[in-house]
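Subject: A model for you to look at

Hi there,

Here is the structure I promised to pass on.

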Amino acid sequence: MGIYKEEAIVLRSMAYGETDRILTLFTRGAGKVAAIAKGVRKPSSRLRGAVQLFSHTHLVLYAGRTLDTITQGDADETFGFIEQDLDRLAAASCFTELIDRLTMDKQPLPKLFQLLLAALRSLEGADPDLLGRIFEAKLLAALGYQPQLDGCVMGHHDGWQAPASGVVDVGPVWFSIERGGVLCPDCAASCSGALPLSPATVAVLAYFLRTPLDRAVRARVEQRSRSELASFLRSFITYHGDVRPRSWQFAGACKDKAKLATDGVLTPPA
Amino acid sequence: MFLYPEPLAALVESLRKLPGIGPKTAQRLALYLLHAPAIEAEGIAHSILEAREKIFLCSVCGNFTDVDPCVLCQDVSRDQSLVCVVESPRDIIAFERTRDFRGLYHVLHGVLSPIDGIGPSDLKIAELLQRVQGGSVKEVILALNPNVEGGATSVYLSQLLKPLNLRVTRIAHGLPVGGDLEFADTATLSRSFLGRQEL
Ligand SMILES: [Zn+2]
Ligand SMILES: [Zn+2]
């Protein structure tokens, strides 16, 4: 491959050796790429600004045996607002960690690149929590694990459809994480581990899956559906992707930010 | 397949755990230690053990020390009202080389990093908050690395510190001394505008 140019987003950045960094890049054309940025921890490095974590950047790389080497770079967008807010840092970290852990090296996934870019761009104005759910739902779809929400996942069962939201007293919609879709009442009764979701939550998920991200972030979602969706998507990702990103814990810790702050401030000296 | 004898393989494995050391370098170092005079290898082993035994974290600032509080914290000629917050003990060495800063330090031992699973409770943040409430500290200078994690940690700390009636400042981020403007990258240039000063 020799020298090549790529548009990339920096997923991970680890200090290496005295002055280098090893980066995990997600590129538009070549998928995930491991690359070294040499001398980039020196203040005099001209490459430094182009390879910051989460940056959307244009790079020139030289293909190597295990690691490609970044020779030139120019950042398009650095998303500086991320460091102003821990909730946004947590959300951006969840996006990049999920992509890092659910994709293979040099597997081109241009749709996923576009999704990540759109999510980072929306993060400044959007509710980071909701954006996280939209990202996770669309990520599953982009990786070929789109949850099946129309009709029983076990087959054609009398044209059964998941009840529309807003219908009173219909009870829960049953979902099989293992099968990746909703179940009709008959199948739910015979399937172990079926998960009950409220019809409203299923409707929100369907809306997220079919609506472009920049429009989906404007949806108003009730707290109950938010938390249901959060635990549902996490179980789904953990089951099908076999990952449990560390950023999820951090996001949880951010929720206790007030508590952490007061723990620190109010604990009397021992 | 030829394998190293057990004790040598174990040494290679141990050396590989060191930061920045890959399998090839680990083998080279291990073989060097076997070739070197016994006294040299023993000296290295002894230094490691002695450092581990005698060096601990200063109970005030978190820097590595062999006396408590450390010599910097004990130095009464230093300005006790200024505390400079850094990521690692190495940063103290860098600041001390400048001889421009005559206050005290506080070492966080890391920065917030969701991907590495490092949250606020993994850093010496509670210790910092306790320390600055003693009354003698008037200003906290945040001197973390100018990257996303360092920035996020600074913002988080300033949110915790400002309600405590302290002056909270952050070191300037901008152009390297001796660098030409036209070669500066966009991120650095925009930061240097944000950090501009009255002349
Ligand atoms: Zn069925
Ligand atoms: Zn000390």
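Below is what I found in it.

This is a predicted model, in which local features need pLDDT of at least 70 and side-chain atom pairs count only at pLDDT 80 or more, while totals for chains, interfaces and linings use all residues. Residues are numbered from 1 along each chain as its sequence is written, and chains are lettered from A and ligands numbered from 1 in the order in which they are written.

Chain A has nine helices and eight strands (DSSP runs numbered from the N terminus: helices are H or I with at least four residues, strands E with at least two). Of its 270 residues, 43% are buried, meaning that 20 or more other C-beta atoms, placed from the backbone, lie within 10 Å of their own.

One helix pair stands out for a closer look. H2 (residues 110–122) and H3 (residues 128–142) of chain A pack at about 175°, with axes 10 Å apart (axes are lines fitted to C-alpha atoms over the stretch in contact, and angles run from 0 to 180 degrees between N-to-C directions). H2(A) and H3(A) are therefore roughly antiparallel, the term for angles over 145 degrees.

Between the chains, the contact takes 34 residues from chain A and 26 from chain B. On the chain A side, strand E1 (3–16) and helices H1 (86–102), H8 (246–255) and H9 (257–266) each give two or more residues.

Best wishes

Conventions: Parallel < 35°, antiparallel > 145°, perpendicular 65-115°, else oblique. Contact = placed C-beta atoms within 7 Å. Buried ≥ 20, exposed ≤ 12 C-beta atoms within 10 Å, placed from the backbone.
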